[in-house]
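I opened the model today and kept notes as I went. The entries are in the order in which I looked things up.

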Amino acid sequence: MALTNEEVLAGLAELITDETGISADEVALEKSFTDDLDIDSISMMTIVVNAEEKFGVTIPDDEVKNLKTVGDAVEYITSNQS
Amino acid sequence: MTAGVIQPQGAAHTRIYSYGAARGEIAVPNEDLVGPIDSSDEWIRQRTGIITRTRAVKETTAIELSTDAATEAVEKSGVDPSDIDLVIVATISNPKQTPSVSAIVADRIGANPAAAYDLNAACAGFAYGVAQADALIRAGAAKYAVVIGAEKLSDVVDPTDRSISFLLGDGAGAVVIGPSDTPGIGPTVWGSDGSKADAVGMNHTLVEFRDGAAPWPTLRQEGPTVFRWAVWEMVKVARQALEAAGVEASDLAAFVPHQANMRIIDEFAKQLKLPDTVVIGRDIETTGNTSAASIPLATHRLLQEHPELSGGLALQIGFGAGLVFAAQVVALP
């Protein structure tokens with residue numbers, strides 16, 4: 001069964017915390033990965049690869065560039081879940 | 001009746017006898033590079049783990065670096081230079097397409113008239129060279145080989161580039177490979193993916209530069225794309241190399257990946273689930289990324305700092321522009 005936006009957000013927040021140490025409370029839909037959460041490109045790619053495994057989605061490199069906010073990532077994952 | 005030809009057979013096994021190293025004369029700290037890229041020492045350290053990188057003075061070329069590294073390796077090997085019949089230099093930064101670096105180096109180290117050629121497999125070049133030397137010796141085409149990874153990358157950097165230039169350093173690492181009573185070089189797992197040719201490489205051709213259509217060609221990379229490939233795809237290759245050699249990660253004494261970026265090295269080691277007993281090459285911290293030279297330089301340093309590694313097994317893996325990759329398990333001398 002497909003996960004809801006809230007469930008994806010919670011799962012993504014876990015991955016972000018694991019990679020960066022940022023508190024899960026700070027991870028909200030409107031937050032920008034770079035400007036608000038200060039996540040660099042290498043950490044972003046690590047999160048992407050872990051998200052692919054966790055949510056069973058494929059996120060191509062070209063698509064990663066379009067994921068500016070946490071909300072972008074949540075929407076991409078929920079709409080591409082198999 | 002047709003006359004037959006003789007086909008040679010070489011040694012049953014090969015091993016690395018010795019290592020040699022040469023680094024650029026100047027230690028370049030991050031502070032010296034941050035201005036044109038509007039960055040900071042902290043920014044570079046956090047993203048790359050590099051504190052300083054070694055770069056060569058103008059007069060020093062890949063030929064001098066190669067000669068110095070090879071001379072040390074040959075001296076330590078105990079092999080008479082005149083018995084060396086193969087010299088392979090892996091490099092992407094020779095500014096003169098021909099003659100090769102290798103022919104000149106072979107002459108300078110006293111190995112004239114050894115077979116000599118350069119190979120272009122970027123950051124996998126050294127591991128490619130080890131694969132070739134191993135195969136050629138076992139085939140009887142050579143007896144003692146010198147394999148060198150050598151780069152003067154400071155000739156192909158752009159001070160304003162934020163993608164790769166600030167990582168790069170100059171240096172050469174060399175090994176002597178010869179026949180062995182016991183297996184010392186495991187099967188090489190190697191390959192390429194030219195569909196990702198644009199991920200890392202030169203940004204212009206020399207012809208475009210000649211015609212005034214582009215500035216001096218320098219290296220560029222798509223950092224995140226290379227990072228994903230270098231860790232998660234290369235981990236599979238590393239596991240294949242272990243399996244092909246018939247060893248487990250716990251059998252390793254050392255892991256020496258191409259010194260591309262400390263973040264890649266750390267994530268790679270994490271994904272490989274290496275036990276704490278495996279010493280990891282982290283020469284990048286003070287040498288920078290020296291492409292084909294990085295693996296032998298890192299191994300040379302490990303053997304200096306951890307002499308107890310001698311006789312142990314090391315997994316080495318190179319990966320870079322092409323994209324190309326090569327991994328093998330080797331016994332450390």
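**Entry 1: the open sheet**

I began with S8(B) and strand S14 (residues 324-331) of chain B, which pair in the antiparallel sense over four bridges. I counted helices and strands as DSSP runs numbered from the N terminus, a helix being H or I with at least four residues and a strand being E with at least two. Two strands pair if DSSP finds at least two bridges between them. In this pair, Gly191(B) has Phe325(B) of S14(B) as its bridge partner.

I noted where the model comes from: it is predicted, local features need pLDDT of at least 70, side-chain atom pairs count only at pLDDT 80 or more, and totals for chains, interfaces and linings use all residues. Residues are numbered from 1 along each chain as its sequence is written, while chains are lettered from A and ligands numbered from 1 in the order in which they are written.

I then followed the sheet across. It is open, has five strands in the order S8-S14-S13-S11-S12 (chain B), and its pairing is mixed. Strand S8 (189-192) and strand S12 (279-280) of chain B are at the edges with a single partner strand each, so one side of each has no neighbour in the sheet.

**Entry 2: helices on the sheet**

Which strands does helix H4 (residues 125-138) of chain B lie across? I found S8, strand S13 (313-320) and S14 of chain B, with H4 running at about 60° to S14(B). Helix H9 (residues 294-305) of chain B also packs on the sheet, where it touches strand S11 (254-257), S12 and S13 of chain B, and its direction makes about 150° with that of S11(B). Axes are lines fitted to C-alpha atoms, for helices over the stretch in contact, and angles run from 0 to 180 degrees between N-to-C directions. Residues are in contact if their C-beta atoms, placed from the backbone, lie within 7 Å.

**Entry 3: strand S6**

Is strand S6 (residues 145-152) of chain B mostly covered or uncovered? I found it mostly covered, with eight of its eight residues buried. A residue is buried if 20 or more other C-beta atoms, placed from the backbone, lie within 10 Å of its own, exposed if 12 or fewer do, and partly exposed in between. Side chains in a regular strand alternate between the two faces of the sheet. Here Ala145(B), Val147(B), Gly149(B) and Glu151(B) point one way, and Val146(B), Ile148(B), Ala150(B) and Lys152(B) the other.

I checked the neighbours of S6(B) next. Strand S4 (residues 86-90) of chain B runs parallel to S6(B) and is joined to it by five bridges, with Leu86(B) opposite Ala145(B). Strand S7 (residues 170-180) of chain B is antiparallel to S6(B) over eight bridges, and its Gly173(B) is the bridge partner of Gly149(B).

I looked at helix H6 (residues 223-245) and helix H7 (residues 262-272) of chain B, which pack at about 35° with their axes 10 Å apart. Their contact includes Phe227(B) and Trp232(B) of H6(B) and Ile264(B) and Phe268(B) of H7(B).

How many residues of chain B are in contact with chain A? I found nine, in contact with nine residues of chain A. H6 and H7 of chain B are the elements that give two or more residues to this side, and H6(B) gives the largest share, six residues.

**Entry 4: the whole chain**

Conventions:
Two residues are in contact if their C-beta atoms, placed from the backbone, lie within 7 Å.
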